[in-house]
Amino acid sequence: MRPFTLNYAYPRSRPAVVTPYRFDESLQLNVLPDGRPAVSDPDLLLAVGTTASTAGSKTHFDD
């Protein structure tokens, strides 16, 4: 039997997520489609909260 509250606690389908930036290995930065660093876009930062990637964690212990 499925508890009644689970009908409302979980979305029926996951929304499609589009990441407006990509990781550039040569720059070691997340960049926008136009080539600017993702952290330079205040609207993007307000929308997603961060543009952190795992790249630094693989090479630095203080990230």
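A: Ala38 lies in the loop between β2 and α2, where helices (H or I, at least four residues) and strands (E, at least two) are DSSP runs, numbered from the N terminus. The model is a predicted one, in which local features need pLDDT of at least 70 and side-chain atom pairs count only at pLDDT 80 or more, while totals for chains, interfaces and linings use all residues. Residues are numbered from 1 along each chain as its sequence is written, and side-chain values use heavy atoms, with hydrogens and water left out.

Ala38 has a relative accessible area of 0% and is therefore buried; buried means under 20% relative accessible area, exposed over 50%, and partly exposed in between, with a 1.4 Å probe and protein chains only.

Asp41 belongs to the loop between β2 (29-31) and α2 (42-48). Asp41 is buried and yet has no salt bridge; a salt bridge is a side-chain nitrogen of Lys or Arg within 4 Å of a carboxyl oxygen of Asp or Glu. The nearest side chain of opposite charge to Asp41 is that of Arg36, 4.2 Å away; for charge, Lys and Arg count as positive and Asp and Glu as negative, while His and the chain ends are not counted. Leaving aside residues up to four places away in sequence, Asp41 touches Leu32 and Arg36, a contact being heavy atoms within 4.5 Å.

Arg36 does form a salt bridge, with Asp34 as its partner, and the closest N and O atoms are 2.8 Å apart. The count of salt bridges comes to one. Asp34 counts as exposed because its relative accessibility is 54%, whereas Arg36, at 37%, counts as partly exposed.

Leu32, touched by Asp41, is also touched by Pro20. Pro20 sits in the loop between α1 (6-9) and β1 (22-24). Beyond residues up to four places away in sequence, Pro20 touches Leu32, Pro33 and Leu44. The C-alpha atoms of Pro20 and Pro33 are separated by 7.5 Å, with the two residues 13 apart along the chain. Pro20 has a relative accessibility of 36%, so it counts as partly exposed.

Val48 counts as partly exposed because its relative accessibility is 38%.

Another loop, between β1 and β2, contains Gln28. Gln28 is not a glycine, yet it has a positive phi of about 60 degrees. With 47% relative accessibility, Gln28 counts as partly exposed.

The wider setting is as follows. The chain has three helices and two strands, and from the N terminus on its elements run α-β-β-α-α. Of the 63 residues in the chain, 16% are buried. Among contacts in the chain with a separation of 6 or more, 15% join residues 24 or more positions apart. The accessible surface of the chain comes to about 5,700 Å², and 58% of that belongs to carbon and sulfur atoms; such areas come from the Shrake-Rupley method with a 1.4 Å probe, and for residues only the protein chains shown count as cover.
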